[in-house]
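Hi there,

Here is the structure I promised to pass on to you. Please open it alongside this email, and I will walk you through what turned up.

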Amino acid sequence: MKRFLTAFLFFVLLIAAWHWAFVRHIWSPVLVPSPESVVRYIWEITQDGTLWSCTAVTMKRLIAGYLIGLLAGVPLGFLTARVQALRDTVGVLALGLQGLPSVCWVPLALLWFGQTESAMLFVVVMGTLWSVILATETGVRNVNPIYIRAARTMGSSGVHTWVYVMLPASLPFIVSGMKQGWAFAWRSLMAAEIYVTILTGFGLGHLLHYGRELNAMEQVVAIMLVIVVIGLLADKILFSPFERFLHRRWGTEK
Amino acid sequence: MTPSNGLSAAPSAHLAIDGVSKWFETSRGRVQALDNVSLQVAEGEFVCLVGPSGCGKSTLLNMIAGLEMPGQGSVVAAGQPVRDPSRARMMMFQESALFPWLDAFGNVMFSLKRKPGLNDAERREVAEHYLKLVGLEKFMHASIHELSGGMKQRVALARALAPNPRVLLMDEPFAALDAMTREQLYGDLQRIWKQRKVTIVFVTHNVREAVSLGDRVILFSPHPGRIREEFVVNLPRPRDINSVEVAAHATRITRALKDHMEHGAGI
C-alpha cells in the first residue's frame, strides 16, 4: 500500500509539474499540450471507437507474429542446443541477426511483401524469433545433467525427457527470452507502422504518425501514453504469472 | 568382523558384477577407471563401497544403474544383463537431483507416472505413503528450495522408493549434510531398508558411515579402481555411528585402506 501511494504521489506530481509548465507558457502550447487536452483527446478516441479499432489492429499483428516467433523459436532453440551442426549454423545466424536492430527489417519486408499485413507480420516474427532461439538454447545447455540422469533412472527417455525435464528446467531462460522477444517485436512493429501506411489496417503507430502530420501534439502524446500502458499491461498479464511461478518454485524471489 | 574368504558367488546373488573394466577418454588421454572388478550382492543385502576419490566406485554404481556401460565384463541384475536404466534399480545422488519446477509431491509422482499398471488415484496414494514414510507428510506441497538439505534427501529417498525398486543405488547421498541430520537419516535408512527388504548398494568415502550401515564393506583402491578387500560387519542393528564397536571396525578398515594406498598399485 505504501509503495502504491509512493508511485501514485510521484505521478500526481509529474502531471502537476506538466500542468504548471503549460500554464506558465514556458514552452509553446504547440510543442507542449496541456494534460487536459491530452485527456480530452483520449476521451474522444475512446468515444468514437478509434482507440479500440487501432489497438485491435496493432495487437492482432503483434500477437500473431509473436506466437509464430515463439512456436518456431523454442523448438529451434532446442535443436541448436542439442545438435552441434545446427549450433554452428542456425545458432550463429541467430546470434548475428539478434544483434540487428529489428527496425532494419522494415525496408526489406516492404520490398518483399509490399505495403501488406504480411510485411507487418514478418517484421514482428523477425523481432521475436532470434532472441527466443538464443534464450532457449542457453536454457537447454544450462540444464543440470543430473536431472537428465535422474529422469532416465525413473523411466523417462526421448520426447518425454524433452517435454517434462528439459523444457521446465530451461524455463527461467526461456521466459527471459520471451520477454526480450516481446520487447523487440513491439518496438519493430511500432517502427513499421510509423514508417508505412497499410491500407488493410490502421494501427496505433499510424495514429501516432498522423498526429505528427497534423501537428496535433496532444494526439502524439496521447498515443505514446497508450503505447506505454499497453506495454505495462502486457508485462503484467503475459509475463508476471510466469515469473511469479518461477520465483515461487526456484526460490529466486528477492 | 572377518575379512570374508573371497568374492565367490552367493547362490542368491541379485546383482552379479563379473570382470568389469572401464576406460574413459579425457583431455589427458585414456584413463582406466575400473580394473577387473567382480562383486556379488545378495537379495536384500546392504553393501557399502568405500574408497578414496578416483577409485571408480561411482562409475560402478552408474553401471549397475544402467546409466553407463562396462568397457569389459558384465553386470547382471536379477538374472538379466543390465543395458538400460530400470525402475527396478533406482538411484539417489549426492545432490538431491530433485526437479525444482515440481513440489515435493510432484517429484515423487514423476517416478510413479512412468510406471505402468497404476491409475492416478493409486499413484497419489503411493506418493503420499512414501512421503509419510520419510516423515514429510507436512511438506508435500513445499517447493524444493524451501526444504533443508536433509529434507531434500528425504524427498529423493521417497522418490527413489516409490516405484518399489528391488535395488536402491546410493551415491554419497548424505555427504553434503551436517552430522546431526546425517545420523537421523542413518536411522531412517536402516528402518526403511529392514521394512522394505530392498537391496542397497551405497557408495561413500566415509568409512564409519559404511560400517554403521553395511552388511559388508567393499574396499576399493584408486588408479585404476580395484577391489582390495572385503569386510563383513556382523554388528547388531540398529547401529550407532558413535559406538565403540563401529569405531573399532572403522579403524581397521581405515588402516587397511592406508596400507593399500602406501603400497599403492600404480599411483
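Let me begin with Ile64(B). Setting aside the neighbours within four places in sequence, Ile64(B) makes contact with Leu15(B), Val75(B), Ala77(B), Val82(B), Arg89(B), Leu169(B) and Val201(B). Please keep in mind that this is a predicted model.

Ile64(B) also stands out in the largest nonpolar core, which has 120 residues: together with Val123(A), Ile64(B) touches the most other members. The biggest contribution to this core comes from helix α6 (residues 117–141) of chain A, which supplies 15 residues. Another core, of 13 residues, lies apart from that one, and its members include Leu51(A), Val57(A), Leu207(A) and Ala222(A).

Next, some backbone details. As background, most peptide bonds are trans, and most residues other than glycine have a negative phi. With that in mind, these places may be worth a look on your screen.

In chain B, the loop between β10 (216–221) and β11 (226–232) holds Pro224(B). The peptide bond joining His223(B) to Pro224(B) is cis, with omega at about -5 degrees. His223(B) lies in the loop between β10 and β11 too, and despite not being a glycine, His223(B) has a positive phi of about 55 degrees.

You will find Pro238(B) in the loop between β11 and α7 (244–262) of chain B.

Over in chain A, Asn215(A) is not a glycine, yet it has a positive phi of about 55 degrees. Asn215(A) sits in the loop between α10 (204–213) and α11 of chain A. With 10 C-beta neighbours inside 10 Å, Asn215(A) counts as exposed, because the limit for that class is 12 or fewer.

Finally, a word on confidence. For chain A the average pLDDT is 87, and 99% of the residues score at least 70. Which element of chain A has the highest mean pLDDT? That is helix α3 (residues 50–82) of chain A, with 91, while helix α11 (residues 217–250) of chain A has the lowest, 86.

Definitions and conventions
Residues numbered from 1 in each chain as written. Chains lettered and ligands numbered in written order. Predicted model: local features only at pLDDT ≥ 70, side-chain atom pairs only at ≥ 80, totals over all residues. pLDDT = per-residue confidence, 0-100. Helix = DSSP H or I, 4+ residues; strand = E, 2+ residues; numbered from the N terminus. Buried ≥ 20, exposed ≤ 12 C-beta atoms within 10 Å, placed from the backbone. Core = buried A, V, L, I, M, F, W, Y, C linked by C-beta atoms within 7 Å. Contact = placed C-beta atoms within 7 Å.
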